[in-house]
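Here are my notes on this one, point by point. Have the model open while you read.

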Amino acid sequence: MLPISLARTANGPCTCGVNPVQALRSWAAVLLLLVVTGGWASAQRTTRIHISDGFDFPVGKPSADGYYKARGMRLRPPVHFGEDWNGRGGGNTDLGDPVYAISNGIVVWAYDVKAGWGNVAIIRHAYRDPATGQVKHCDSLYGHLREMDVKVGQEVKRGDKIGTIGTNRGMYAAHLHFEIRHDLSVGMQRNSVPRDLTHWADPTTFIERYRRLNKEWGKQRVPVGTFKEYAGHRGL
Ligand SMILES: [Zn+2]
């Protein structure tokens, strides 16, 4: 004959030795934990920056004087996600020329990522679209810089020098590769979003459209922590 406690375990409903009420409580605790941590994981980090008062060209401040667009943006093959700006003198005559922030913003990327890029700076902007009155965000990217004068987390003003035109260690004739993205998640993963004008801006069209915006006091929130890791960096 079995001791009474063992007999009960063998014949009773199997709750794996756990009191059903206790089991329910611990499941409720797990569920609550999931809800709370899930909430943290999806909470978007933000920072506050000065809103744009207009956008200028990144070379030949402020209107690309002395430069020309050697190659435009193209979202169908052969794809070119931005514009290539060269000095009118040709060749490497523009090597070391200043590159400027196209508007107020915060530096969210400023690293030498080597490969076909070299030094890349990305600046995040907030601007009020006069058509809707809504505040929008965008990123501007400056590639193949010879020198970078900015650091991640640094606020910049429209027209601040952020670096100089480079060749990516002699890979190209000196030029600035320049992009504007509506989608703040792109970072260095350019194939992670659809190739359309919802996610990408034609830089010249964008600058001409938002050339002059009203000055505003105070700061606006922009999301940060939106990039995937690339070349060992995550950005701001
Ligand atoms: Zn290019």
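**Notes on the model**

1. Let's start at Ala121. Neighbours within four places in sequence left aside, Ala121 touches Val107, Trp109, Ala110, Tyr142, Leu145, Met148, Val150, Ile162 and Gly163. Contact here means that the C-beta atoms, placed from the backbone, lie within 7 Å.

2. Some housekeeping. This is a predicted model, in which local features need pLDDT of at least 70 and side-chain atom pairs count only at pLDDT 80 or more, while totals for chains, interfaces and linings use all residues. Numbering runs from 1 along each chain as its sequence is written.

3. Confidence next: pLDDT is the predictor's per-residue confidence, on a scale from 0 to 100. The mean is 88, and 82% of the residues reach 70 or more. Residues 1–18 fall below 50, and that stretch has 4 contacts in the model beyond near neighbours in sequence.

4. On the overall fold, I see 4 helices and 12 strands. These are DSSP runs numbered from the N terminus (H or I, at least four residues, for helices; E, at least two, for strands). Of the 236 residues, 34% are buried. Buried means 20 or more other C-beta atoms within 10 Å of the residue's own, exposed means 12 or fewer, and partly exposed is in between, with C-beta atoms placed from the backbone. Among contacts with a separation of 6 or more, 67% come from residues 24 or more positions apart.

5. The largest nonpolar core holds 46 residues, and Val99, Val107, Trp109, Ala121, Ile123, Tyr142 and Ile162 have the most contacts inside it. At least two core residues come from each of β4 (98–100), β5 (105–112), β6 (119–128), β7 (135–145), β10 (176–181), β11 (200–201) and α4 (203–209). By nonpolar core I mean buried Ala, Val, Leu, Ile, Met, Phe, Trp, Tyr and Cys residues joined through C-beta atoms within 7 Å.

6. β5 deserves a look. Since 7 of its 8 residues are buried, β5 is largely enclosed by the rest of the structure. β5 runs antiparallel to β6, joined by 6 bridges, and Ala110 has Ala121 as its bridge partner in β6. β5 also pairs with β8 (residues 155–156) in the antiparallel sense over 2 bridges, where Gly105 partners Val156. Pairing requires that DSSP find at least two bridges between the strands. In the β5–β6 hairpin, with 6 residues between the strands, Lys114 takes a positive phi near 55°.

7. What does Arg128 contact, leaving aside its neighbours within four places in sequence? The list is Ile51, Gly133, Val135 and Leu213. Arg128 sits in β6 and counts as partly exposed because it has 18 C-beta neighbours inside 10 Å. Arg128 and Leu213 are 85 residues apart in sequence, yet their C-alpha atoms are 7.6 Å apart.

8. Backbone geometry to check. Most non-glycine residues have a negative phi, and most peptide bonds are trans. His144, in β7, has a positive phi near 65° and is buried, given its 24 C-beta neighbours inside 10 Å. Arg169, in the loop between β9 (161–164) and β10, has a positive phi of about 55° and is exposed, with 11 C-beta neighbours inside 10 Å.

9. Finally, the cis peptides. One joins Lys61 and Pro62, with omega about 0°; Pro62 lies in α3 (residues 60–64). Another joins Pro77 and Pro78, with omega about -5°; Pro78 is in the loop between β2 (67–71) and β3 (83–87).

Technical notes
Two residues are in contact if their C-beta atoms, placed from the backbone, lie within 7 Å.
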